[in-house]
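I opened my notebook to look up a few things in this structure. Here is the model I worked from.

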Amino acid sequence: MVTAQLGGRRAGRLLGSSVRRLIGRGGTTHPSWWWSAALAGLLLYPYLVVALIGDPEGDRVVLAGHAVMLLADLVLLGAGIAMAVDAWLTYDPLRGSMAVAAAIVALQDAPLEVLGMIDRALGPLSFRLTNGHLVTVLVVLVVIHRGRNAAVPGRHLILTGVVLGLCAATITLGGYHLVRHFERDAGVLVVHDPVDVAIMVLIGLVMAIVGLQLARSSLPGWAAARIGAGMLAIFAARLYSTLTDAMMPTPAAVVGVALFSALIATTASSLLRIALEQMDARVARYAHQAAEAEAEVDRKSTRLNSSHRCISYAV
């Protein structure tokens with residue numbers, strides 16, 4: 001039985017090592033910022049090529065901008081899946097909440113990017129601040145707060161994030177049509193409306209509170225710093241697009257979204273790699289303990305057999 005357990009642990013160790021090699025090599029140190037910059041550059045490459053060879057305000061550049069942001073949303077969703085796996089491995093409810101938050105943001109923006117490709121009038125909803133973003137950051141704040149105070153990770157993390165993200169996208173679209181019904185601006189926040197300015201400030205404050213909660217949590221300091229930098233990048237990009245009243249994806253908006261997704265993705269992959277390395281170390285320790293226990297059983301069995309032979313000779 002001990003041998004069977006040892007074989008199962010060795011198989012688990014081999015699986016963990018294989019997955020770790022797919023994610024990245026190296027020790028348990030956090031990744032370099034250059035890796036995030038490299039991933040962001042890779043995401044931005046199609047947009048840069050089209051912008052350099054085409055009209056900066058042409059349809060191709062607009063489509064390329066939306067396509068890059070859609071790709072960044074898919075990368076963010078992948079980061080959420082990695083965080084969910086990490087939460088299951090480490091049994092950390094905060095990382096499970098981060099997985100839900102990543103899926104919410106990705107699934108709120110992805111449908112809007114697709115609609116922006118189809119109808120340019122809907123484009124600003126995907127790269128400018130809207131009322132729906134206030135709902136999103138409030139939901140993310142609640143999710144992160146619950147994760148900090150929960151005892152175990154929740155179930156169906158990614159499914160929960162997908163459903164909440166699609167609900168946020170629906171709220172954004174509903175707000176757009178409602179605002180258009182009253183013949184106002186294109187369903188996005190504007191700087192000449194005091195209420196909209198107050199909403200912008202509130203969005204920034206809630207995002208700052210989320211960053212502070214992560215900084216004061218059990219999350220490693222380097223991971224909290226990278227996530228905070230990503231949140232700052234995407235908020236600054238959307239705020240710039242809002243302040244300039246942009247009706248097409250600005251370079252700042254595309255770069256901000258790509259940088260945000262790259263920072264979250266590299267952080268999630270590093271946390272997952274560290275969790276797999278720790279699991280690998282535990283499996284190795286258990287395997288060593290099992291081998292020692294099996295050797296001790298063999299020694300006791302040998303002594304017992306010797307005693308039986310001595311008793312037989314004496315009789």
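Below are my entries, from the whole chain down to single residues.

**Ground rules.** I am reading a predicted model, where local features need pLDDT of at least 70, side-chain atom pairs count only at pLDDT 80 or more, and totals for chains, interfaces and linings use all residues. I number residues from 1 along each chain as its sequence is written, and side-chain values use heavy atoms, with hydrogens and water left out.

**Confidence.** I looked up pLDDT, the predictor's confidence in each residue, from 0 to 100. Its mean for the protein chain is 80, and 77% of the residues reach 70 or more. Over residues 1-9 the pLDDT is below 50, and this stretch has 9 contacts beyond near neighbours in sequence (contact means heavy atoms within 4.5 Å). Residues 308-315 also stay under 50, with 0 contacts beyond four places in sequence. A note to myself: where pLDDT is low, the predicted coordinates should not be read in detail.

**Whole chain.** I found 10 helices and 0 strands; these are DSSP runs, numbered from the N terminus (helices are H or I, at least four residues; strands are E, at least two). Of the 315 residues, 45% count as buried, meaning under 20% relative accessible area, with a 1.4 Å probe and protein chains only. Among contacts between residues at least 6 apart in sequence, 83% join residues at least 24 apart.

**Helix α3.** I traced α3 over residues 59-90; its 32 residues reach 46 Å from first C-alpha to last, close to the 46 Å expected (1.5 Å times one less than the number of residues). Y91 follows α3 with a positive phi near 60°.

**A84.** I next picked A84, which sits in helix α3. Is A84 buried or exposed? A84 counts as buried because its relative accessibility is 0%. Leaving out residues up to four places away in sequence, A84 touches A99, L157 and I158. Its C-alpha is 9.3 Å from that of L272, 188 residues apart along the chain.

**α8 and α9.** At what angle do α8 and α9 pack? I read about 170°, with the axes 9 Å apart; axes are lines fitted to C-alpha atoms over the stretch in contact, and angles run from 0 to 180 degrees between N-to-C directions. The two helices are therefore roughly antiparallel, a label for angles over 145 degrees. Among the residues making the contact are M200 and I203 of α8 and I227 and F235 of α9. By class, this contact has 12 nonpolar, 3 polar and no charged residues.

Note on methods:
Parallel < 35°, antiparallel > 145°, perpendicular 65-115°, else oblique. Nonpolar A, V, L, I, M, F, W, Y, C, P; charged D, E, K, R; others polar. Buried < 20%, exposed > 50% of the residue type's maximum accessible area, 1.4 Å probe, protein only.
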